[in-house]
Amino acid sequence: MKRFCLILIMILGFQTAATVNAQQTPQLGKSSVEELVAAMTLHEKATFLAGVFDYGKNPDGTTRKRVPGAAGSSAEIPRLGIPFAYYPDGPQGVRIQPTRKGTDKTFYCTAFPIATMMAGTWNPDLVSEVGAAMGNETLEYGNDILLAPAMNIHRNPLCGRNFEYYSEDPFLAGKTAAAAIRGIQSQGVGTSLKHFAVNNQETFRLKNDARVSDRALREIYLKGFEIAVKEGKPWTIMSSYNTINGTTASENRALLTDVLRNEWGFEGFVMTDWTSYPRNTAAQIKAGNDQLMPGLKVQVEQIEQAVAEGTLSMADVDLAVTRMLRVLVKSPSYKGYNFSNNPDLVAHAALARKAADEGVVLLKNAWNTLPLKDTGKKIALFGFGSYKIYQGGTGSGNVHTTGIVNIDTALREAGFELQEDLAATYDGVRIDFKIGEKLAKLRAADCDLAIFTIRRNAGEGADRREIKGDFYLTENEEASLKNVSEAFHAAGKKVIVLLNTGGVIETASWKQYADAIVLPWQPGVEAGHAVVDILTGRVNPSGKLTMTWPVAYKDIPSSKNFPSNFEAKKDGVRTPFDPEKRNEGFTEYEEGIWVGYRYFSTYGVPVSFPFGFGLSYTTFDYSKPVVKAGKKGSYTASVTVTNTGSVPGKEVVQLYIAAPKDNLEKPARELKGYAKTRELAPGESQTVTISFDTYGLASFDEAQNAWVTDAGEYTANFASSVEDIRQSASFKVKKPAVLKLKATLR
Ligand code: GLC
């Protein structure tokens, strides 16, 4: 009996200790963030801040992580009940491995239209709807934070990642990013707004020093992020690889704390981009860059060492861990969400098509060539892109999708007959060959019309080049288009050019060969269907350009300060990084605020296609506008749009405001608002009202380090593009406004 009691006491004792111990060890879901942080050892904190450096490998080398292909994770701390959280790319949809060992199930995701095309819809509600679908796939495949949206400014058309970005205009970029963030986060997952900041080239992106004036920073390169942070409230921000005026972005306290948090009120956490290039880890955390991705063992050691040496305080470490936990406790993994691995890809593909339909831009439509009235026509389909479309760009922004619809397939489905001998010549081997005069005449004789697709691709890690086959047509493309144009026009038949590209190409030298030019960009998985929806008029095009298409590359203000002909390798040898080399070691943003239409429209430089341009199959009339001053520096600008044509359509009303001249040189006009109408039937009208305020009218005055809104007479221009002003109204700002800032980034 005594023995029994002794054993019982021991068992009870252990249980009590265990209970006490369990009570002493806080647990996620039961304890506060503060209690969890207080319970962490320094090693656990350092590991948590450094991302999952071992990529979650089990001792036998298999992955411990449940989402192969997610770009990164935050570390688990099993002792505290903290699981992995998963961060997949990217801006065009979720990027994870589509197949896994040990199962026949696949994990494909939906490739939506590229970011540039989504911005080109000028429809924030649609951007949010697509964001919600991306967020749903993020959630249902077991992830927590989608590494999107990306929103660096299209400073130069040759930046390799422009397809992942929205626009040359920070207002449009910021509003679009905010809409995407709201959509994605509506599903209970997070976003990582990137790449913060001034990451406008890929050449030597890990080391390039962007040298930018404060005014250009504030008005052009940070303004979009400011709007997106304030109106989207992203869970996280991704700091960029590059350096800004001599300070690496991820070590830049002025950027990540003074501006991002203290000025703009950002409440999430900051992660680095995926750099394996050694940085000053302690400086990053002190600057306000909380998490170091993808995470390296050496960074854990550097954190522990810095704390031991006193160069990094435990308070800074705790602040970073606390910021991460405050966000991640909202994540599906931390909440134990039971994901399905089965998002509705069919519904999402239909949404991808709807979005692409609204992002296609009609650039030319002479003699009402389009829409094609009779789908029984026989088509001579030229260009390799007609048979193998680029649905998106390359690199971490690419989505593993399946079932990409090509243009030829969609044309056949719609009932068109294709010239099959011609189709057979694009057999996947011969990509760019010359269509001679003879063949062009043959096709003009036996076909009703010609469609000629020009395709281009680019992506992360390299910039495009100002050469034939990239910014310019190849010699074969040019000769072929000329021959096809001459032959079909001689036979009284039309030529339609399709631009399947992720960025701007030269158009002025050849656009006269085409009767119609359609820009479907890189439209995602439903590519071919979207193209044919527009060609047949099933959908009336309503997309508008979000950047300027110049006549000549040299017309672009940044053209002499961009590595436009950089070669990564010479004779097989990689070009070495030289910190003293222009456009490689450093890039002078000499053009300042004169980016895109701000330059072309102010200095009257002709362009091939202007910012905000896009044709419709119908026409619209704008009524006399009304601009009203509200309370506390707010304004509303209203105009009534009427469909004066014969088919239903949507119009994008763009509001460009001209500020009064004063000591600061200002652009002729700047985009300060826009509104897309619903689909208006012929004769139908809709009144759109756009709100703005005096802060939104401000210019940045470096001398005062302040946002300044001058008093005086302003002009509100209601336009269908930056060069197509339909109605104007003037209004007064009675009192000047000056908002002095503490932070400076030089
Ligand atoms: C890349 C990209 C970034 C991406 C990350 C993870 O270097 O710059 O956009 O999210 O790594 O793939």
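The legends below describe close-up views of a predicted model. Local features are given where pLDDT is at least 70, side-chain atom pairs count only at pLDDT 80 or more, and totals for chains, interfaces and linings use all residues. Residues are numbered from 1 along each chain as its sequence is written, and side-chain values use heavy atoms, with hydrogens and water left out.

**View 1. Helix H5 and the glycine that follows.** Helix H5 covers residues 124–140; helices (H or I, at least four residues) and strands (E, at least two) are DSSP runs, numbered from the N terminus. From first to last C-alpha, the 17 residues of H5 reach 24 Å, close to the 24 Å expected at 1.5 Å a residue. That expected span is 1.5 Å times one less than the number of residues. H5 is largely enclosed by the rest of the structure, because 14 of its 17 residues are buried. Buried stands for under 20% relative accessible area, exposed for over 50%, and partly exposed for values in between (1.4 Å probe, protein chains only). Gly142, which follows H5, has a positive phi near 85°.

View 2. Two strands are taken as paired if DSSP finds at least two bridges between them. Strand S28 (residues 706–709) is joined to S31 by four bridges, and Val708 stands opposite Val738 in S31. Contact means heavy atoms within 4.5 Å.

**View 3. Helix H18 and its surroundings.** All of H18 (residues 527–535) is buried, nine of nine residues, so this helix is largely enclosed by the rest of the structure. Its buried residues pack against helices H13 (345–359) and H14 (407–413) and against strands S13 (449–455), S14 (494–500) and S15 (516–519). Just after H18, Gly537 takes a positive phi of about 80°. In the loop between S15 and H18 lies Trp521, which has a positive phi of about 50° although it is not a glycine. Trp521 is buried, with a relative accessible area of 2%.

View 4. Four of the five residues of S10 (residues 361–365) are buried, so the strand is largely enclosed by the rest of the structure. S10 pairs with S15 in the antiparallel sense over four bridges, and Val361 stands opposite Leu519 in S15. Most residues other than glycine have a negative phi, and most peptide bonds are trans. Trp367, in the loop between S10 and S11, has a positive phi of about 50° and is exposed, with a relative accessible area of 65%. The loop between S10 and S11 also holds Pro371, which is joined to Leu370 by a cis peptide bond with omega about 0°.

**View 5. Aromatic pairs.** Rings of Phe, Tyr and Trp (its six-membered ring) pair if their centres lie within 6.5 Å; planes under 30 degrees apart count as stacked, over 60 as edge-to-face and the rest as tilted. The count by this rule is 30 aromatic pairs. Tyr387 and Tyr426 are stacked, because their ring centres are 5.2 Å apart and their planes are at 20°. Both Tyr387 and Tyr426 are buried. Phe611 and Tyr656 form an edge-to-face pair, 6.4 Å centre to centre with 75° between the planes. Phe611 lies in the loop between strands S20 (607–609) and S21 (620–622) and Tyr656 in strand S24 (residues 652–658), 45 residues apart. Phe611 and Tyr656 belong to one aromatic cluster with Trp122, Phe171, Tyr597 and Tyr674.

**View 6. Charges over ring faces.** A charge sits over a ring if NZ of Lys or CZ of Arg is within 6 Å of the ring centre and within 35 degrees of the ring normal. Lys223 lies over the face of Trp707, at 4.1 Å from the ring centre. Arg430 is placed over the face of Phe433, at 4.1 Å from the ring centre.
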